[in-house]
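Please read these notes with the structure open beside you. They are set out as numbered points, each on one topic.

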Amino acid sequence: MKTDLSPRMKIGLYGLMCVLLIPFVFPTWWMVTSSVKPISDIFAFPPDLWPRRFDFTTYQKVFELQPFARQYWNSAYIAALVTIGTMIISSMAGYAFARIKFPFANTIFMIVLLGLLIPSEVTIVPLFQMFLKWGMINTHWPLILVPIFGAPSVFATFVMRQFFIALPGELEEAARVDGLGRFKIFWIIALPLAKPALGAVAIFTFLHSWNLYLEPIVFLSSTNMFTLPQALTQFTDAYGGAMWNIQLAAATMTAIPVLLVFIFAQKQFVEGLAHSGLKG
Amino acid sequence: MTAAADSPPRKRPFWTIERRDAAAGYVFIAPQLIGIVTFVLIPLGLVFWYSLHEWNVLANTFNFVGSANYQMLLNDKALPQVLLSSAIFSAGLVVLNMSLALLLAVLLDQKLKGIVVFRTLFFSPVVVSLVAWTIVWSFLLQNNGGINGMLQMIGVEGPNWLRHPSTAMLSVVVVQVFKNVGLNMILFLAALQGVPKELYEAARVDGAGRFKQFRRITLPLISPTILLTSIITIVGSLQVFAQIAVLTQGGPGMSTTVLVYYLYQQAFQFHFFGYGSTLSILLFVIVAVLTFAQWQLRKRIVFYEN
């Protein structure tokens with residue numbers, strides 16, 4: 001559809017896109033600005049697009065009301081472990097399914113793909129029972145083990161397999177003639193070529209772990225163990241009313257770092273996703 | 001291998017390249033396969049087994065009751081409403097998400113300066129923490145919140161979005177659409193950019209207008225992407241939980257209680273693990289049927305396969 005557009009058409013398109021941007025950008029703006037408003041101004045009319053008074057103590061209160069630094073660490077280290085673990089497991093499995101001939105490969109691949117049909121929500125009750133039996137309730141193990149080995153990693157394996165299937169085989173054949181084993185071929189030749197797909201898997205996996213909500217509230221019970229999504233909903237007063245400005249300060253601290261990383265690396269981000277073999 | 005050198009020459013070594021390769025294949029897939037068996041297949045078997053039991057954790061009862069939970073499912077007065085809410089949510093989400101994603105992808109595919117800035121901004125909610133995003137929208141949608149405040153400035157009395165049955169579901173859908181439409185947008189954009197330019201040239205020579213080009217060339221060529229994203233979006237929509245929990249807690253009434261939320265309530269709030277498991281089986285069947293149906297559609301509708 002790329003044709004040269006008339007100037008009038010261009011202005012029209014810019015205008016349309018600016019209007020469409022409002023619901024994508026405004027909430028983040030509103031979150032940041034409202035997080036530094038005193039509670040008395042939080043529902044002011046007319047709404048203040050820029051705070052008329054500033055109250056930065058909200059950020060301090062986040063840490064007083066919740067062990068927020070600890071919860072931040074919980075979310076960060078769980079997401080990091082899950083991302084690295086999934087990249088290892090899914091790139092190995094994806095490579096084998098795409099490249100190595102072994103008996104029952106297709107049958108096993110079909111079994112693994114069942115994971116796509118059985119989201120963790122379906123199995124949350126037995127998973128709870130299993131982890132209860134293993135003494136892992138109110139630990140982070142369920143949030144680490146299930147995403148790396150269970151249903152969420154199947155999607156990653158599928159992406160990796162699609163990528164390796166499309167990869168030309170000559171390099172590997174040459175390496176095999178030179179007597180390299182499978183592990184070395186995978187590690188030295190195939191994996192470095194798979195960086196775009198690995199990048200996409202890393203992004204998906206990190207965001208999935210970072211956003212996990214049902215699993216933490218099922219598996220975790222003490223505030224010290226909470227992850228960020230769970231912690232964010234805990235900023236309520238004695239009557240259960242939301243302490244909006246403090247809650248929004250916590251939300252800002254949760255959202256902004258990832259957003260900044262994305263803005264600086266958006267090219268790799270977006271192109272990684274676009275070229276991940278998900279095109280269908 | 002050294003052993004092979006000592007043995008008579010006509011005997012081939014046991015570890016041929018093929019066998020070593022096959023062994024490596026099993027080693028490579030072992031962690032994933034063991035994980036799927038442990039965390040997906042065995043739990044799926046268990047959830048079916050549980051669904052045949054009356055199991056109350058608080059009362060510490062676990063009795064085999066056969067199909068009683070499934071009869072309860074059929075007689076559950078709340079269930080039609082729950083399924084209706086799920087269907088409205090999924091249908092609304094898929095239709096709005098796919099059409100907005102396609103519109104944005106077409107806009108971003110134009111030759112305009114600074115288009116990357118727009119692409120980045122449209123995509124940005126995808127990387128914002130889901131619960132943080134939902135909390136801000138919850139704040140905006142309060143009766144005296146930002147959206148109604150702005151409506152009031154232009155003289156419009158806004159509804160109490162999250163507390164009114166007719167707007168609560170709409171609000172949940174819209175919040176989720178803006179959160180994740182960027183993903184489908186990027187996949188569509190990649191597909192649009194993969195359409196050979198010569199086809200448009202040829203169509204223009206034949207006198208086809210922009211709209212006709214879009215319908216006759218673009219849509220058929222990107223139909224595999226449309227199918228794949230629609231499967232991902234529908235299956236994803238059935239898993240919605242955090243948004244409901246934060247925005248409406250399933251209310252007002254049961255108007256936004258979707259299946260996963262209902263399942264969570266039954267199993268983990270009311271401690272009916274047996275009936276919760278039955279609802280899990282129902283969720284599994286729905287996901288499986290929808291995925292299968294879409295996969296079948298692929299043969300009929302998808303025009304172009306590479």
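How many residues of chain B are in contact with chain A, and with how many residues of chain A?

1. The interface. In total, 83 residues of chain B are in contact with 84 residues of chain A; two residues are in contact if their C-beta atoms, placed from the backbone, lie within 7 Å. On the side of chain B that touches chain A, helix α2 (residues 17-51) of chain B gives the most, with 20 residues. That side of chain B has 58 nonpolar, 21 polar and 4 charged residues. Here Ala, Val, Leu, Ile, Met, Phe, Trp, Tyr, Cys and Pro count as nonpolar, Asp, Glu, Lys and Arg as charged, and the others, Gly among them, as polar.

2. Basis of the model. This is a predicted model, in which local features need pLDDT of at least 70 and side-chain atom pairs count only at pLDDT 80 or more, while totals for chains, interfaces and linings use all residues. Residues are numbered from 1 along each chain as its sequence is written, and chains are lettered from A and ligands numbered from 1 in the order in which they are written. Helices (H or I, at least four residues) and strands (E, at least two) are DSSP runs, numbered from the N terminus.

3. Helix α5 of chain A against α2(B). The axes of α5 (residues 124-133) of chain A and α2(B) come within 8 Å and cross at roughly 105 degrees. This makes α5(A) roughly perpendicular to α2(B). Axes are lines fitted to C-alpha atoms, for helices over the stretch in contact, with angles from 0 to 180 degrees between N-to-C directions. Angles under 35 degrees count as roughly parallel, over 145 as roughly antiparallel, 65 to 115 as roughly perpendicular and the rest as oblique. From α5(A) the contact uses A:Val125, A:Pro126, A:Leu127 and A:Met130, and from α2(B) it uses B:Phe39, B:Pro43, B:Leu46, B:Val47 and B:Tyr50. By class these are 9 nonpolar, no polar and no charged residues.

4. Helix α6 of chain A against α2(B). The axes of α6 (residues 141-149) of chain A and α2(B) come within 8 Å and cross at roughly 120 degrees. The two helices are therefore oblique to each other. A:Leu145, A:Val146 and A:Phe149 of α6(A) meet B:Pro31, B:Gly35, B:Thr38 and B:Phe39 of α2(B). This contact has 5 nonpolar, 2 polar and no charged residues.

5. Chain A overall. Chain A has 14 helices and 0 strands. Its radius of gyration is 24 Å, well over the 19 Å that the globule rule gives for 280 residues, so chain A is more spread out than a compact globule. The radius is taken over C-alpha atoms, and the rule is 2.2 Å times the number of residues to the power 0.38. The C-alpha atoms of chain A fill a box of roughly 75 × 65 × 30 Å along the principal axes. Of the 280 residues, 44% count as buried. A residue is buried if 20 or more other C-beta atoms lie within 10 Å of its own, exposed if 12 or fewer, and partly exposed in between, with C-beta atoms placed from the backbone.

6. Chain B overall. Chain B has 13 helices and 2 strands. Its radius of gyration is 26 Å, well over the 19 Å from the globule rule for 306 residues, so chain B is also more spread out than a compact globule. The C-alpha trace of chain B spans about 95 × 75 × 35 Å along its principal axes, and buried residues make up 40% of the 306 residues.

7. Record annotations. An unreviewed UniProt entry lists "transmembrane region" at several spans of chain B, including residues 168-192. Over residues 168-192 of chain B the model is 100% helix and 0% strand, with end C-alpha atoms 35 Å apart. For chain A, an unreviewed UniProt entry gives residues 76-97 as one of its transmembrane regions; the model has that span as 100% helix and 0% strand, with end C-alpha atoms 31 Å apart. UniProt positions are given in the numbering used here, feature names are shortened, and annotations may be inferred rather than shown by experiment.

8. Backbone points to check. Most residues other than glycine have a negative phi, and most peptide bonds are trans. A cis peptide bond joins A:Phe45 and A:Pro46, with omega about -5 degrees; A:Pro46 lies in the loop between α1 (7-34) and α2 (57-65) of chain A. Another cis peptide bond joins B:Gly251 and B:Pro252, with omega about -5 degrees. Phi of A:Asn138 is positive, near 60 degrees, and A:Asn138 sits in the loop between α5 and α6 of chain A. A:Asn138 is partly exposed, with 14 other C-beta atoms within 10 Å.
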